[in-house]
Amino acid sequence: EKQNRDVLQKSFKEMISTLPKENCWGIPEALYQYQGFWLTPPFLQGALSAQQQFQAQPTDIILCSSPRTGAAWLKSLTFATITRTSYNDSTTPLLSKMPHDVVPFMEFDHAQFSTNRHLGIPLLATHLPYSFLPRSIIDSGCKLIYICRDPKDTFVSLHHFIARYNKSQNTQPVQLDEAFELFYEGVNWYGPYWDHVLGYWKASLEHPDKLLFLKYEELIEDTVLYLKKIAEFMGYPFSSEEQQQGVPENIVQLCSFENLNGLEVNKTGKHRDGQGDLAMENNIFFRKGKVGDWKNYLTTEMARRLDQRTLQKFRGSGLSV
Ligand code: A3P
């Protein structure tokens with residue numbers, strides 16, 4: 001099996017080397033454009049390998065998002081909900097692992113171990129655009145949850161994340177204006193951002209029972225309400241007894257930005273420890289966890305341009321941010 005995998009990886013590498021390429025954002029890996037989206041080689045290879053080999057099961061729940069829109073939060077909320085009878089407040093793995101390490105990531109973990117089911121939970125995460133999802137995910141009828149966020153906050157969060165990553169790698173950070181133009185043109189991890197969101201939005205209209213479409217802003221506004229919807233959608237509804245006992249509120253508290261950000265593991269631990277360039281300090285994943293922080297970074301003109309692009313891209317789709 002390993003030999004087959006090596007042959008496949010080699011053919012993916014060759015194909016990737018023929019794609020349009022951009023060296024940008026000050027990151028060591030270039031971005032390559034494949035079927036309308038920009039990805040770095042390790043994740044693109046992982047995507048291609050998942051497309052060929054990943055076997056979804058009808059009970060799987062796939063957490064989908066573009067980077068920096070609230071995936072870690074969604075992972076912690078869904079993980080805590082699904083495992084609420086196996087662990088309590090003092091035994092939950094969320095106290096000792098960062099949220100990205102409790103849910104396997106399809107285009108990375110799956111590519112390494114083709115049967116990534118060792119955690120015994122039905123959750124799997126991906127940043128892949130809807131059009132990139134392995135066929136078996138659609139055919140199996142498993143459930144998908146997508147989270148999106150205001151493009152302005154997404155951009156500001158991404159810029160900070162990459163700047164912190166650059167710093168940890170001792171590479172030159174990219175200035176905000178330059179990063180802004182790249183994001184505006186759609187040249188960022190898994191970008192264009194709007195196309196990523198629209199792919200899932202349209203799919204959620206076609207299959208509302210299979211795809212739950214969430215917005216970071218709404219989740220912040222009433223986390224308990226949305227957590228109940230998420231639990232119900234996943235097939236793990238809170239019973240009335242649990243609701244009386246305040247179980248949903250407890251999970252919301254456990255997964256709050258303040259709580260997770262304050263945990264030792266998220267301050268000093270490492271995500272993908274030992275994986276070379278792909279390892280990162282956990283603390284760079286947590287920043288402010290607020291809505292509207294873009295106001296502190298973007299000029300009025302930048303905000304106007306991004307809003308205008310959003311309006312233009314989402315026109316006629318029924319989606320607004
Ligand atoms: P900011 O950079 O605006 O603070 P992702 O997990 O998809 O990479 O998204 C990262 C964003 O979610 C960051 O936004 C991060 O701070 C925020 N975040 C992380 N954990 C959170 C939580 N528990 N609640 C709310 N936001 C959270």
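The model is predicted, so local features need pLDDT of at least 70 and side-chain atom pairs count only at pLDDT 80 or more, while totals for chains, interfaces and linings use all residues. Residues are numbered from 1 along each chain as its sequence is written, and side-chain values use heavy atoms, with hydrogens and water left out.

We begin inside the protein. The structure holds 1 cavity of 30 Å³ or more, where a cavity is a set of points, on a 1 Å grid over the protein atoms alone, at which a 1.4 Å probe fits but cannot get out. The largest cavity has a volume of about 50 Å³, taken as the space filled by probe spheres set on grid points that are joined across faces, edges and corners. Its lining (residues with an atom within 4 Å of a point) consists of L63, C64, S65, A71, L74, K75, F105, A125, T126, H127 and I147. Two or more of these residues come from each of β4 (61-65), α3 (71-82) and β5 (123-126); helices (H or I, at least four residues) and strands (E, at least two) are DSSP runs, numbered from the N terminus.

Strand β6 (residues 143-148) holds Y146, which is buried at 0% relative accessible area (buried is under 20%, exposed over 50%, partly exposed in between, with a 1.4 Å probe and protein chains only). Contacts of Y146, not counting residues up to four places away in sequence, include C64, S65, H196, Y200 and F213, contact being heavy atoms within 4.5 Å.

Turning to the core, the largest nonpolar core has 109 residues, and W25, L44, L123, I137, I145, F155 and L298 touch the most other members. Such a core is a set of buried Ala, Val, Leu, Ile, Met, Phe, Trp, Tyr and Cys residues joined through side-chain atoms within 4.5 Å. Beyond four places in sequence, I137 touches F54, A56, I62, M106, C142 and L144. L44 is also one of the buried residues of α2.

Most residues other than glycine have a negative phi, and most peptide bonds are trans. Here, a cis peptide bond with omega of about 5° joins G191 and P192. Phi is positive at Q35, near 45°, and at R68, near 75°.

Key:
On a 1 Å grid over the protein atoms alone, a cavity is a set of points where a 1.4 Å probe fits but cannot get out, and a pocket is an open set with protein on both sides within 12 Å along at least five of seven lines; lining residues have an atom within 4 Å of a point.
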